[in-house]
Amino acid sequence: MAKVFVVDVGRCSGCYNCQLACKDEHVDNDWRPYAAPQPETGHFWLKLDEHVCGTIPKVKIHYIARLCNHCENPACMAACPSDAITRREDGLVLIAPETCTGCGQCVDACPYGAVYFNDKLNIAQKCTGCAHLLDNGYKLPRCVEACPTDALQFGEEDDLAEALKDASPLHPETGLGPRVYYRRIPGQFIAGTVYDPVEKEVIIGGKCLLKYNEKIWETETDAYGDFWFRDLPVDTFDLTICADGFADKVFPGIRTDECRNLGDIPMERI
Ligand code: SF4
Ligand code: SF4
Ligand code: SF4
């Protein structure tokens, strides 16, 4: 049974411990035959991507840890003319530093951008799953062990079945069978602040109705006049805002290619 990584994006605080731990484990450390030393700069075998959504003051940030997906059908392995890349029984995909000739074909072949080139050693390198640790009695790779919020998990697929229920890999359409699964990646949001321009006061308890395909979501403006519709798919929505004593305000065709802060919304008295 092959191992998997599970990344719970909802738990990640963006502390960067995982990225630093990976560097601490591999920069200048020689773990041959698993991996030659990682150079000090330019390589991110685990890279924390920061995603900033919305505009001030309605901004949400989430972080996505990206590493080699240890694919079931690795494109890097298929592209290597020297048989330097292998997939082990436990599912970890390794580039043998002594066999790699530095042709760079795996770098180009990986659609996830997970392979880096080491100019000094003239070899391709990437996340090893910390196989040098696992083969020496350690249960977890360094990045997983270093995560203070348990946002990263690693283990047998069966043991992580619960976490995997609502998880999916990034870009499964590559068809490579990626084995790093992500859960709770936030969707887009539509938000705004509703106010009465005459009284110069926010409107509390205003009804906000969001329509999309036959579905309707409903929420109310809070004590600050704010409303939020979170975790929306990328699509087109119609928003109607209603408040007693005010004309309804309609926003047709809001696209959620990105998070949408509609800003301060004045309501007209009737
Ligand atoms: S993510 Fe890229 S480098 Fe990693 S196994 Fe898949 S194809 Fe190879
Ligand atoms: S498993 Fe090891 S090599 Fe891979 S990202 Fe984590 S710390 Fe780095
Ligand atoms: S160590 Fe954990 S919480 Fe910190 S950035 Fe990495 S995944 Fe997120």
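Author: The shell around ligand 2 divides into seven nonpolar, three polar and one charged residue. The model is a predicted one.

Reader: What makes a residue part of the shell around ligand 2?

Author: The criterion is a heavy atom within 4 Å of the ligand. Phe5, Cys22, His26, Leu46, Cys127, Thr128, Gly129, Cys130, Pro141, Arg142 and Cys143 surround ligand 2. Two or more of these residues come from helix 1 (17–26), and likewise from helix 5 (142–146).

Reader: Which residues are around ligand 1, and how do they divide?

Author: Around ligand 1 are Cys68, Asn69, His70, Cys71, Pro74, Ala75, Cys76, Cys110, Tyr112, Val115, Lys126 and Leu176. They divide into nine nonpolar, two polar and one charged.

Reader: What is said of the space taken by ligand 3?

Author: That space is the largest cavity. A cavity is a set of points where a 1.4 Å probe fits but cannot get out, judged over the protein atoms alone. Ligand 3 has 13 residues around it, and Cys12, Cys15, Tyr16, Cys18 and Cys147 come nearest. Its shell has nine nonpolar residues, four polar and no charged.

Reader: Why is histidine 70 called buried?

Author: Its relative accessible area is 3%. Buried means under 20%, so the label applies. Histidine 70 lies in the loop between strand 3 and helix 2 (75–79), and is one of the residues around ligand 1.

Reader: What is the phi of histidine 70?

Author: Phi is about 40°, a positive value although histidine 70 is not a glycine. Most residues other than glycine have a negative phi.

Reader: Why is lysine 200 called exposed?

Author: Lysine 200 has a relative accessible area of 70%. Exposed means over 50%, so lysine 200 qualifies. Lysine 200 is in the loop between strand 11 (188–196) and strand 12 (201–202), and its phi is positive, near 55°.

Reader: Why is glycine 54 called partly exposed?

Author: The relative accessible area of glycine 54 is 26%. Glycine 54 lies in strand 2. Leaving aside neighbours within four places in sequence, glycine 54 is in contact with Val59, Phe189 and Cys259.

Reader: How do you know that valine 6 is buried?

Author: Valine 6 has a relative accessible area of 0%. Being under 20%, that value makes valine 6 buried. Valine 6 lies in strand 1 (residues 3–8). Apart from neighbours within four places in sequence, its contacts are Ala151, Leu152, Gln153, Leu160, Ala163, Leu164, Tyr181 and Arg183.

Reader: What makes a set of residues a nonpolar core?

Author: The members are buried nonpolar residues joined through side-chain atoms within 4.5 Å. The largest such core has 48 residues, and Leu46, Leu152 and Tyr182 have the most contacts inside it. Strand 3 (residues 58–67) gives the most to this core, with four residues. A second, separate core of 18 residues includes Ile190, Cys208, Phe229 and Ile254.

Reader: Which residues does leucine 152 contact?

Author: Beyond neighbours within four places in sequence, leucine 152 is in contact with Val6, Val7, Cys18, Leu46, Ala65, Cys143, Val144 and Cys147.

Reader: Why is helix 1 called largely enclosed by the rest of the structure?

Author: Helix 1 is called so because seven of its 10 residues are buried. They are Cys18, Gln19, Ala21, Cys22, Lys23, Glu25 and His26. What covers them includes strand 2 (46–55), helix 4 (131–134), helix 5 and strand 8 (152–156). Aspartate 28 follows helix 1 and has a positive phi, near 65°.

Notes
Residues are numbered from 1 along each chain as its sequence is written. Chains are lettered from A and ligands numbered from 1 in the order in which they are written. This is a predicted model: local features need pLDDT of at least 70, side-chain atom pairs count only at pLDDT 80 or more; totals for chains, interfaces and linings use all residues. Side-chain values use heavy atoms; hydrogens and water are left out. Ala, Val, Leu, Ile, Met, Phe, Trp, Tyr, Cys and Pro count as nonpolar, Asp, Glu, Lys and Arg as charged, and the others, Gly among them, as polar. Buried means under 20% relative accessible area, exposed over 50%, partly exposed in between (1.4 Å probe, protein chains only). Contact means heavy atoms within 4.5 Å. On a 1 Å grid over the protein atoms alone, a cavity is a set of points where a 1.4 Å probe fits but cannot get out, and a pocket is an open set with protein on both sides within 12 Å along at least five of seven lines; lining residues have an atom within 4 Å of a point. A molecule sits in a cavity or pocket if more than half of its atoms lie within 2 Å of its grid points.
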